[in-house]
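Hi,

Here is the model I promised to pass on.

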Amino acid sequence: MIKLDDFKKYNFKVTWNALYQGFKGDSILSNQIQPKEIIDYAISLLEAGESNEEVCDLAAANEDNTEDIDKLLYNLSKNEKSNPELEFKKLRVIFVSKKLKEKDDNLINGIMSLGDIWIELNYPEDSPHVFQGRENTISPELYFTQDNYDILYDAHKNWISDETAYIIQNQGAN
């Protein structure tokens, strides 16, 4: 699950669009943010003096009434100036970083767990992961090696770093 503290960890601005996509939006990363996180965020905005009717309604929402939360998030996300693609990238970086564990002592399990991340994300084109036999002719003997695992693991770390830098550079434009 994605928490609002995860946004802070990467210096990502929290936006209604990101919350909407991570809650119930039609994003592949929907259902990653819990209602309580969203309600707590709305409450924190009210406490900071920021408010409008929808933020007030969201702060007062019942966690079990996900339909109302979804509608409020949708309206708030449509009324803000944010780039949905950039907001999705934030969610993806957080998702991948949470799934990326320390290197596994078993290279086969490690390679497989790296691949599982991108299977869950429906094989995006910009994935740093290379699947054996998927659009390549890498043999199992070359794919399932410590060197390849090291390369793939480092590629994932670099992807997170590069995506984070890109997001931070561009989130000011929102």
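Predicted model: local features only at pLDDT ≥ 70, side-chain atom pairs only at ≥ 80, totals over all residues.

**Helix 7 against helix 9**

Helix 7 (residues 107-120) packs on helix 9 (residues 146-171) at about 35 degrees, and their axes are 9 Å apart. Axes here are lines fitted to C-alpha atoms, for helices over the stretch in contact, with angles running from 0 to 180 degrees between N-to-C directions. Helices are DSSP runs (H or I, at least four residues), numbered from the N terminus, and strands are E runs of at least two.

Residues are numbered from 1 along each chain as its sequence is written, and side-chain values use heavy atoms, leaving out hydrogens and water.

On the helix 7 side, Leu-107, Gly-110, Ile-111, Leu-114 and Trp-118 meet Gln-146, Asn-148, Tyr-149, Leu-152, Tyr-153, His-156 and Trp-159 of helix 9 (contact means heavy atoms within 4.5 Å). The residues of this contact split into eight nonpolar, four polar and no charged (Ala, Val, Leu, Ile, Met, Phe, Trp, Tyr, Cys and Pro count as nonpolar, Asp, Glu, Lys and Arg as charged, and the others, Gly among them, as polar).

**The rest of the chain**

Overall, the protein chain has nine helices and zero strands. Its C-alpha atoms fill a box of roughly 60 × 35 × 25 Å along the principal axes.

Lys-89 sits in helix 6 (residues 84-99). Leaving aside residues up to four places away in sequence, Lys-89 touches Asp-126, Glu-163, Tyr-166 and Ile-167.

**Aromatic pairs**

There are seven aromatic pairs in the structure (rings of Phe, Tyr and Trp, using its six-membered ring, with centres within 6.5 Å; planes under 30 degrees apart are stacked, over 60 edge-to-face, the rest tilted). One of them, Tyr-20 with Tyr-74, is edge-to-face, at 5.5 Å centre to centre and 65 degrees between the planes. Tyr-20 lies in helix 2 (residues 16-23) and Tyr-74 in helix 5 (residues 66-78), so this pair ties together parts 54 residues apart in sequence.

Cheers
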